[in-house]
Amino acid sequence: PVEAAAVSTSAPETAWLPTHVVPAGGVVAWDVPDPARPPIARLAERVELIVLSQAGAWAQVRGVNGWTGWVDGRLLIQRR
């Protein structure tokens, strides 16, 4: 009998193309865009991020390791 080749159903890996960088001094991050809640993380300066979406001044970001959170998007430095 002839065996069918395995077919991958997962999405293809996309290249890591960061759109922004954390500025000097770092930034705090939240799990939701609500400054009344406590921050969940502090991102170190020069960390590269992809901006996934925006809500007013908030930016939802993803790091190279898959971590996501919300930061003050006005503080991020856009990559050229």
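Guide: Let's start with a word we'll need: a contact means heavy atoms within 4.5 Å. What you see here is a predicted model. Among the contacts in the protein with a separation of 6 or more, 46% are between residues 24 or more positions apart.

Now for the rings. The structure holds one aromatic pair, made by tryptophan 30 and tryptophan 58. Their centres are 5.2 Å apart and their planes sit at 85°. Planes over 60 degrees apart count as edge-to-face, so that's the label this pair gets. Tryptophan 30 is in the loop between strand 2 (27-29) and strand 3 (41-43), while tryptophan 58 belongs to strand 5 (residues 58-63), so the pair ties together parts that are 28 residues apart in sequence. Both tryptophan 30 and tryptophan 58 are buried; across the protein, buried residues make up 26% of the 80 residues.

Five strands form an open sheet, ordered 6-5-4-1-7, with antiparallel pairing. Strand 6 (68-72) and strand 7 (77-78) take the edges with a single partner strand each, so one side of each has no neighbour in the sheet. Over at strand 7, the pairing with strand 1 (residues 20-21) is antiparallel and runs over two bridges. There, histidine 20 stands opposite glutamine 78.

Key
Residues numbered from 1 in each chain as written. Predicted model: local features only at pLDDT ≥ 70, side-chain atom pairs only at ≥ 80, totals over all residues. Heavy atoms only, no water. Phe/Tyr/Trp six-rings, centres within 6.5 Å; stacked < 30°, edge-to-face > 60°. Helix = DSSP H or I, 4+ residues; strand = E, 2+ residues; numbered from the N terminus. Buried < 20%, exposed > 50% of the residue type's maximum accessible area, 1.4 Å probe, protein only. Pairing = 2+ DSSP bridges.
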